[in-house]
Amino acid sequence: MIAAPVEEAPVVLPSVPADVAGRIDAAEKAVAVVEAAYPAQLRETEAAIAAAAGGNVDAVGEAEVQRSRLESLFLPLAVQSRVLDGVDDDLAGTAGGEALLARASALRARIADLEAVRDGI
């Protein structure tokens with residue numbers, strides 16, 4: 001006797017978790033804050049470093065303060081990269097997450113650009 005072929009049930013992928021878009025929105029806002037703030041802080045840091053070139057102790061101290069402010073400005077980028085890692089994990093194997101993956105990818109590129117700025121300072 002020959003068995004009838006068994007029809008396989010279609011694979012139904014889970015839907016995108018409801019909070020993913022909100023997490024991307026929050027990450028975009030955090031990155032935008034860094035993008036908006038770093039040019040002014042960079043100018044302040046460069047001016048303080050130039051003022052410290054004369055060796056004035058107060059100016060040297062101010063240059064260090066400004067350099068620390070500039071460096072700490074970029075700290076949220078690592079946090080947002082981790083958020084995007086979680087987004088990628090949550091979108092893996094889901095249906096309809098392509099647009100969100102594209103947003104996350106574009107945001108990763110913005111973070112990489114900012115990290116390049118930071119590394120060039």
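User: How far apart are the end C-alpha atoms of helix H4 (residues 98-120), and what span should its 23 residues have?

Analyst: Helices (H or I, at least four residues) and strands (E, at least two) are DSSP runs, numbered from the N terminus. The expected span of a helix is 1.5 Å times one less than its number of residues. For the 23 residues of helix H4 that should give 33 Å, and the end C-alpha atoms are 33 Å apart, which agrees. This is a predicted model, in which local features need pLDDT of at least 70 and side-chain atom pairs count only at pLDDT 80 or more, while totals for chains, interfaces and linings use all residues. Residues are numbered from 1 along each chain as its sequence is written, and side-chain values use heavy atoms, with hydrogens and water left out.

User: How many helices and strands does the protein have?

Analyst: The protein has 4 helices and 0 strands, in the order α-α-α-α from the N terminus. The radius of gyration is taken over C-alpha atoms, and the globule rule is 2.2 Å times the number of residues to the power 0.38. Here the radius of gyration is 23 Å, well over the 14 Å that the rule gives for 121 residues, so the protein is more spread out than a compact globule. Along the principal axes, its C-alpha atoms fill a box of roughly 95 × 25 × 15 Å.

User: Which residues of H4 are buried?

Analyst: Buried means under 20% relative accessible area, exposed over 50%, and partly exposed in between (1.4 Å probe, protein chains only). In H4 the buried residues are Leu-100, Ala-104, Leu-107, Ile-111 and Leu-114. They pack against helix H1 (20-52) and helix H3 (76-91). Over the whole protein, buried residues make up 25% of the 121 residues.

User: Is Gln-66 buried or exposed, and which residues does Gln-66 touch?

Analyst: Gln-66, in helix H2 (residues 57-73), counts as buried at 4% relative accessibility. A contact means heavy atoms within 4.5 Å. Leaving out residues up to four places away in sequence, Gln-66 touches Gln-41, Glu-44, Thr-45 and Ala-48.

User: How many aromatic pairs does a search of the whole structure find?

Analyst: Rings of Phe, Tyr and Trp (its six-membered ring) pair if their centres lie within 6.5 Å; planes under 30 degrees apart count as stacked, over 60 as edge-to-face and the rest as tilted. The search finds 1 aromatic pair. Tyr-38 and Phe-74 form this tilted pair, with 5.9 Å centre to centre and 45° between the planes. Tyr-38 lies in helix H1 and Phe-74 in the loop between H2 and H3, so the pair ties together parts that are 36 residues apart in sequence. Both residues, Tyr-38 and Phe-74, are buried.

User: How many salt bridges are found in the whole structure?

Analyst: A salt bridge is a side-chain nitrogen of Lys or Arg within 4 Å of a carboxyl oxygen of Asp or Glu. The structure has 9 salt bridges. One of them joins Asp-90 and Arg-23 (2.5 Å, N to O). Asp-90 lies in helix H3 and Arg-23 in helix H1, so this pair ties together parts that are 67 residues apart in sequence. Asp-19, Arg-23 and Asp-90 are linked in a network of salt bridges.

User: Where do Arg-67 and Glu-64 lie?

Analyst: Both lie in helix H2, 3 residues apart, about one turn of the helix. The side chains of Arg-67 and Glu-64 meet in a salt bridge at 3.7 Å, N to O. Arg-67 is partly exposed, with a relative accessible area of 35%, and Glu-64 counts as partly exposed at 42%.
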